[in-house]
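User: Can you walk me through this model? I'd like to start with the charged pairs and then look at confidence.

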Amino acid sequence: MVSNRVEQGQDECPEPVSADRLRLLKATDIDQSVEATLLCAIQHSVAELGGLGGMVHLSGLDFHWARLLLASSSGLPPTIARMWQHVPRDSSTVLGRAFHDRGKAWLPSLGGLGPTRDAQVAAPLASELPSDAGIAAVAVPGRDGPLGVLSVMTRAGDEPIGSQWSFFTDVAGWVAARLRLLPSPEQGGLTPTLFGRGQQPADKESKTQAGAVGDWEWDLATGEFIIDERVLDALGINPEGFDGRVDTWLARQHPDDLTWAMRTIKHLVPSRLPADYEYRVCGDDGSYSWVRMSIRTTRETADGEPIRKGGSMTITTATHEVAESMSLALRNMSDGFLSVARDGLVQWENLAAERLFGPFHEVVSRPLWEVPAVQQVPELAEDLRRAVIDQTPVDINDLQWPDSMRRYQARVYPTPGGGATVYVADITEKRLREAAERAAMERETLAADLTRALAQARTAPAVIAAVAETLLPALGASGLAVLTLDRDRLRLLGSAGYPPEFRQRMHDFPLGVHTPSRQVLRTGIPLFIGSPEEHARRFPEVSDLIDLGQKRAWAFLPLRVSGRPVGTAVVAYDRPHEPTQDERTLLTTISGLIAHAVEHANVYNAVIERASALQHALLPKRLPELPTMDIAARYRPAALPSLQPADIGGDWYDVIRLSGGRVALVSGDVMGHGTQEAATMGQLRTAVRTLSSRELPPGEILAHLNDIVVDMGEDSFATCLYGVYDPVGRTFTYASAGHPPPAHALSDGTVAFPGPPSHIRADGIVDFTKSLADPPLGAGTPPFETFTFDVPDGSLLVLYTDGLVEEPRRDIGEGMGRLARILHAEHTGDLPPLCDAIIDSLLPPGQPTSDDAALLIARTHPLHPEDIATWDLPERPEAASEARKHVRDQLTVWDLGDQLQLSSELVVSELVGNVIRHASGPTQLRLLHTDRLICEVSDNSLTTPQIRHPSLTAEGGRGLYLVAAMADRWGTRPTECGKTIWAELML
């Protein structure tokens with residue numbers, strides 16, 4: 001049976017061992033965790049009572065179904081401890097009796113009790129428990145009732161004696177005191193936290209980041225607790241093993257959180273306000289996860305009493321891992337740190353602060369200005385009080401700490417929610433080193449500033465400017481000259497602060513003359529000359545440079561890279577000056593920085609020259625002069641700090657003269673930057689010119705280019721626009737592969753982008769449906785769509801790459817709109833200034849650009865009807881003589897008979913004769929008068945004539961041979977129903 005008797009007449013005096021144990025317990029760190037506190041209590045109790053193991057149960061809610069929850073155990077197998085995981089508080093078990101009686105209880109034996117809760121618990125474990133094991137239990141006292149029960153499992157009949165009961169009760173009281181002293185949620189730290197409406201945790205974004213994993217509901221009357229299986233899976237809990245009871249769920253909470261959980265839930269149950277509650281939950285594998293429950297009332301009684309709660313649950317483990325790392329860092333940082341509430345009570349201090357202000361348990365929970373160590377520094381106490389109460393930041397410098405010769409700096413910062421944080425740093429050594437550190441810092445700052453300036457300086461002038469602007473003011477110097485070694489001579493790379501006469505003299509200086517620069521190049525040691533007299537005495541051969549340079553003191557620095565001399569740097573002063581040791585050290589140090597910057601500038605200049613030569617070699621050397629159009633073009637390379645000189649682009653343009661006065665306009669862009677992209681651009685440009693000689697339509701040319709790009713590999717892509725202007729038909733026909741459409745500006749200023757559907761909105765932005773254009777070369781498949789539009793006299797055709805109109809800060813539609821506005825305003829002007837205006841407006845000089853840009857503008861001049869003559873010829877041998885007559889008559893009209901009559905009659909006669917012999921009619925003769933005479937003969941045959949070398953005895957085969965000899969150019973081009981053979985004769 002259960003016994004609550006108190007042994008009378010036995011020794012009530014604690015044994016010496018008991019007293020020692022109590023002293024050990026009271027000496028433990030006051031800010032240790034709840035789990036560590038409970039384990040200490042169990043282990044000392046088990047040792048004192050000679051027990052087998054022990055447990056601590058903490059109280060649940062004040063409802064009829066609330067239970068005692070197992071918070072910690074020691075010495076018991078997990079299978080036994082789990083059987084005691086939660087015990088009803090109103091049960092007749094030994095734990096229930098100790099709790100209700102607020103005292104002690106004794107169970108002599110777990111066996112032979114009959115239908116009691118203890119027997120029901122022990123029955124399944126009879127094989128694991130020693131025979132007739134008993135339990136001693138004592139209540140853990142609290143302000144409003146017991147907080148829980150401390151129990152020890154003993155051997156049967158070993159009831160504790162009076163001194164043991166006394167020790168057991170003292171330990172329970174120690175546990176109660178420690179649970180009340182441990183930091184509460186309101187004091188911060190990594191404890192559970194309650195957030196009311198309008199208040200959010202510091203990591204309020206964590207819910208968004210982690211995401212709510214599910215919902216939950218709690219019936220307050222029945223204790224039923226329903227959780228979304230996704231929550232259980234995320235926490236590592238098998239849904240099938242969860243019985244849906246709130247006690248079971250609470251039993252999975254971390255022991256450190258259990259006290260706060262009971263207090264918080266007791267507050268939340270009767271409240272109808274929503275809140276967030278955060279704590280840790282144990283998974284099936286023993287690991288813990290942080291969760292945050294959003295709590296709201298989902299059902300109420302008629303009187304407004306909540307009867308059902310619900311909400312969502314979020315995993316916040318990652319957020320707390322960061323917070324724990326920050327707390328550990330604060331705890332162990334070298335400076336003192338304290339957290340103070342708005343009323344001045346100290347909430348927390350780190351180890352460094354304990355050494356200054358006192359132990360944690362003596363400082364926490366008392367006003368900061370009443371801490372004894374603070375009261376010994378009156379000005380500190382008053383400043384702390386003012387900073388905390390008035391919520392104003394305060395810096396307190398050079399504090400003399402009590403009983404110490406050391407000096408400290410204190411800083412108080414108000415916190416948003418009231419209260420403040422206090423930082424205290426030891427500045428004794430800092431004050432002692434201050435002067436030396438200031439000088440070293442100035443040198444380091446200057447070197448760092450110069451390093452940053454030189455890192456951004458790529459060209460030689462930029463290097464000179466960076467050194468002059470950074471170094472000379474700091475040293476009080478007024479002149480700088482950098483000379484580089486070029487075989488047996490020194491050449492002036494750049495200078496600042498010197499007159500032109502001096503720069504001219506130093507532009508090219510032989511090394512054979514005994515000069516300071518020659519000496520430092522030979523020795524590698526800096527040379528400092530403090531006056532003109534010293535300079536003239538040591539180097540009389542160049543004494544004239546003193547007056548020429550107008551300087552009075554100099555520092556000659558050797559510039560060496562990897563032990564190899566590359567030149568010298570001269571820092572000069574307007575007055576006699578003997579540099580200090582710090583200045584000498586600084587100048588010697590930075591000479592290496594200048595040397596590497598000069599070397600990089602030389603390499604950069606060489607690379608720029610090669611890249612520029614390559615870029616210009618790949619673009620047209622000059623634009624052709626054409627009678628049917630005026631042409632101007634511009635190219636602007638990308639300008640980003642991340643791009644190197646060798647990262648040349650793949651944008652290009654071209655103008656190709658075709659037959660019949662027609663002109664091909666081409667614009668393209670190879671995606672990427674570098675020599676490989678530039679080489680690809682050169683290949684495509686060559687391929688375009690080769691395909692153009694075959695007089696293929698634009699769509700077919702792009703199809704052939706697409707095959708070429710596909711053969712280059714999967715990483716090769718390019719955009720291209722190929723268009724043909726016909727001055728006779730006054731049309732422009734083009735095809736595009738992922739390229740922006742051409743801009744067409746009429747003589748009245750109207751601007752359009754013919755091709756895929758687009759229009760210029762009222763705000764000037766172009767709505768351009770890029771998805772309707774064919775994809776880039778290498779990504780698409782033929783056929784490529786062809787567009788044709790009329791081009792009246794004086795119109796502008798504008799081809800460009802996307803780098804001109806599209807930037808990360810500007811959409812392509814906005815860029816095309818700005819291009820249209822410029823064309824509308826300045827379409828009548830000369831083309832070169834118009835090109836410059838467009839480039840400078842869309843790509844302002846000095847601003848970084850991420851892509852290359854190419855621009856090609858053509859003003860069209862169609863052929864007038866009087867410069868075109870066309871005749872239909874009969875399909876018989878007499879057609880040749882008729883053709884010659886037509887030619888003679890037309891050349892007379894054009895006043896060209898004296899120049900071209902013989903050659904043109906011969907060419908036309910052979911072309912017509914070739915058609916009569918080898919092709920089929922109808923036959924048409926057309927003459928065009930431009931800057932040359934163009935003769936064209938068309939027929940319906942698809943057979944292309946080939947020039948051959950006739951044998952000595954052959955009667956035919958010499959016709960085309962004669963045409964090639966008489967004409968400057970000749971060829972064939974396909975037409976819709978046949979071909980045209982053409983020949984051009986220069987006027």
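**Salt bridges and confidence**

Analyst: E984 is buried, at a relative accessible area of 1% (buried is under 20%, exposed over 50%, partly exposed in between; 1.4 Å probe, protein chains only). This is a predicted model: local features need pLDDT of at least 70, side-chain atom pairs count only at pLDDT 80 or more, and totals for chains, interfaces and linings use all residues. Residues are numbered from 1 along each chain as its sequence is written, and side-chain values use heavy atoms, with hydrogens and water left out.

User: Which residue does E984 form a salt bridge with?

Analyst: R969. The closest N and O atoms are 3.0 Å apart. A salt bridge here is a side-chain nitrogen of Lys or Arg within 4 Å of a carboxyl oxygen of Asp or Glu.

User: How many salt bridges in total?

Analyst: The count comes to 35.

User: What about R406? Which partner?

Analyst: D426, with the closest N and O atoms 2.7 Å apart. R406 lies in the loop between β15 (394-400) and β16 (407-414), and D426 in strand β17 (residues 420-426), so the pair ties together parts 20 residues apart in sequence. R406 is partly exposed at 31%, and D426 is partly exposed at 36%.

User: And R230, buried or exposed?

Analyst: Exposed, at 53% relative accessibility. R230 meets D228 in a salt bridge at 2.8 Å, N to O. D228 counts as partly exposed, at 21%.

User: Switching topic. What's the mean pLDDT?

Analyst: It is 81 for the protein chain, and 87% of residues reach 70 or more. pLDDT is the predictor's confidence in each residue, from 0 to 100.

User: Where is confidence lowest, and where highest?

Analyst: Lowest in helix α7 (residues 206-210), at a mean of 36. Highest in strand β34 (residues 796-800), at 96.

User: Which stretches have pLDDT below 50?

Analyst: Residues 61-65 are one of them, with 18 contacts (heavy atoms within 4.5 Å) beyond near neighbours in sequence. Over residues 112-117 pLDDT also stays under 50, and the model has nine contacts there beyond four places in sequence. Where pLDDT is low, the predicted coordinates should not be read in detail.

Key. Helices (H or I, at least four residues) and strands (E, at least two) are DSSP runs, numbered from the N terminus.
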